[in-house]
Every structure is written in structure tokens, then in C-alpha cells.
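Good morning, and thank you for coming.

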Amino acid sequence: MKNYSEKILSLEAKVLKGAGIDFKDGLFILDYPEEGIFELLASANRIRIEFKKNEVRLCSIINAKSGLCSEDCAFCAQSAHYDTGIKTYPMVHAETIIKEAKAALKNGAREFSVVTSGKGIKSAQDIERLIEAIRKIHEETPLESCTSPGILDDETLIALKDAGLHSFHHNLETSRSFFPNICSTHDYEDDVKVVRKAMDMGFHVCCGGIFGIGEEDIHRVELAHTLAELDVDSVPVNFLNPRPGTPLMDSDNLTPLKCLKIIALLRFMLPQKDIIVCGGREVNLKDMQPLIFAAGANGMMIGNYLTTNGRNVEDDLSMLRHLGLRSKGF
Ligand code: SF4
């Protein structure tokens, strides 16, 4: 353990001085011995405090258009390729979205995202509803507005910017080399292009992935490396909650400690970015949820996820109070 302890402290010092860690160092973090987990967390926590202080960001989402997606992402209950029995519905009205946004604000969210299923939004009515919803969030609340609509044309992106859109969300899901194992209907580069375009347009870009979908440590480091290279602003971290009917319904690849190591990896590789723990937190972290902050996360999603329920918001807020963490206010 002595060698591990010395090495993790030297990596921490490197990161605190502003230097990056390499691929091998990333694998070292993911392979850290379980008996030394608190040493790893202590280092990740110091990096979090250095760059993010003791503040956490809370975000919430609405699933504004559910299911019937043309893509075949193997983890996703919204894909039309699988019989998952979820409730599907077309784009909801802007009024429904603003109502949810205001409820999220009351719960302490700082950011609110309008998420739609599908490769992109094409229908004029859906685009209109999205733009109207973003304008209302911008005008009627102090929330940072976000959307995750897939691929959009330039004209729509400009209209969203004019309506006050703050963040654009688009996950890469996993590493470039593992991606063909989970999706065959589009290329990784299509997703990278969307992210680059959103960055070029000056949006705050939220881009991360989902872990526990059969990938190995090497793919986790590869994804972290790609996100660092892209220089995205915020990294949402999802852990697989296997959905009945999907090809990954029987997957069980993660332990709570592995989840913590993945969060620590991201904090070491993207020290200045927001690391936000999202879907699958409850089922994968179990009673280790408070440790996500020691592992380096500085935010979490509260409320429900896209097709699954989240934890009771009051329990999450009480967890933050007990940890002495402040929610980043306006
Ligand atoms: S992850 Fe997104 S693109 Fe993939 S199937 Fe689900 S809704 Fe469609």
C-alpha cells in the first residue's frame, strides 16, 4: 500500500499544480486497492475543494418527449428497437415545462434541462415548443436553462441562443473504441461534432457518459481523456440502471467502490470542471451516496430521471446539510 499512497499523493500534487495526468495514471486510479479507498477519496476531495470549494450544483430535468427513438443505444429504455414498456409521448407544451422548471427551482436546482428522445428534433411544432420553453425559463426564473435535444440545425441553435439558452447537453455515452458495442445507428463522430458545434456557439457544454454498460477501465480512461481534450464545461456521470427489455437488462458490472473510483478518475483528469452525478446514483452507490463528493463530484441531479424515479428530494437536501455542503445559489 505504501507505493500506492505515495503515488496518489504525487498525482494529487501534480493536478493541484495544474499538470494533467496520463492514461496510465488514470488506470492506476481505477485499479486503486479497495483497502486504500479513503486515501484515494482524500486526494480527490482536496482537488475538488481547491477548484470547486464546498459548493455543489443541483440540476433537474424534464423528459419532454419520451420514447420511440430511432437509435439503438443498448442501455436505453427509450429506443424504439426494444420493447421496454415505458410511457411514450410526443413533445409536451411549454407550459408543462415551465411548471416543472419552477418546481425544480423550489427544490434548490440551479439548472434545469429540457431533454427530448431521438436523434434530433425536426418537427417545426416541437422546435417551437422547445424555444418557447427556454424563453420562458429565461424570463420567468433565475435558472440556468439547458437542453438535450440531439442534433439540431444551425438556425434552431441560434434561435435557442436568442431565447436565452445557457447550456447545451449532449453525452458521448462511452469511449470512441467501445461505442460500436452499444450503438450501431450512428457514429461516435456525429456526437463529437454536436459537442464541438455547441462549444463553438458559446454555450456552456455539458457532456459526459454512462458507466457499467460493459466497458472496461481502459474505455473509462479513454472517455475521460476525450472529454478533457474537448474541454467541455460540465461532465454528467450516469451509472447503468438496467432497464427491462434492453440488451443490457441483466448487466451488473459496477460496485459502489468502482463508481467512486470512476468519479475520482474524472476529478483527477478534469480537475476544474463540474462533475455531476446523475442517473443510476441510488441503485449503484447504494448507501455510499454521500461519498460521491469525497470522490470529487461537485454536483448531482435531483428529482426524477428520464424513465426512472430519483430519490426523494428532501433526502438529498438533508444529505447535503449533514455533509456541510452548500448548494450553489444565484
Ligand atoms: S440514448 Fe438518446 S439517442 Fe440513444 S436510444 Fe436513448 S434517446 Fe435515443
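**Helix α8 and its neighbours**

The buried residues of α8 pack against α2 (23-30), α7 (188-200), β6 (209-211), β7 (234-239) and α9. Here, buried means under 20% relative accessible area, with a 1.4 Å probe and protein chains only, and contact means heavy atoms within 4.5 Å. Helices (H or I, at least four residues) and strands (E, at least two) are DSSP runs, numbered from the N terminus.

Please note that this is a predicted model, in which local features need pLDDT of at least 70, side-chain atom pairs count only at pLDDT 80 or more, and totals for chains, interfaces and linings use all residues. Residues are numbered from 1 along each chain as its sequence is written, and side-chain values use heavy atoms, without hydrogens and water.

Helix α8 covers residues 217-230. Of its 14 residues, 10 are buried, among them Val221, Leu223 and Leu227. After α8 comes Asp231, with a positive phi near 65°.

One of its partners, α9, covers residues 256-269. How many of the residues of α9 are buried? The count is 13 of 14, and α9 is thus described as mostly covered.

Let us now consider the whole chain. It contains 12 helices and 10 strands. Its radius of gyration, taken over C-alpha atoms, is 19 Å, close to the 20 Å that the globule rule (2.2 Å times the number of residues to the power 0.38) gives for 330 residues, so the chain is as compact as a globular protein of that length. Of these 330 residues, 57% count as buried.

Technical notes. Buried means under 20% relative accessible area, exposed over 50%, partly exposed in between (1.4 Å probe, protein chains only). The expected span of a helix is 1.5 Å times one less than its number of residues.
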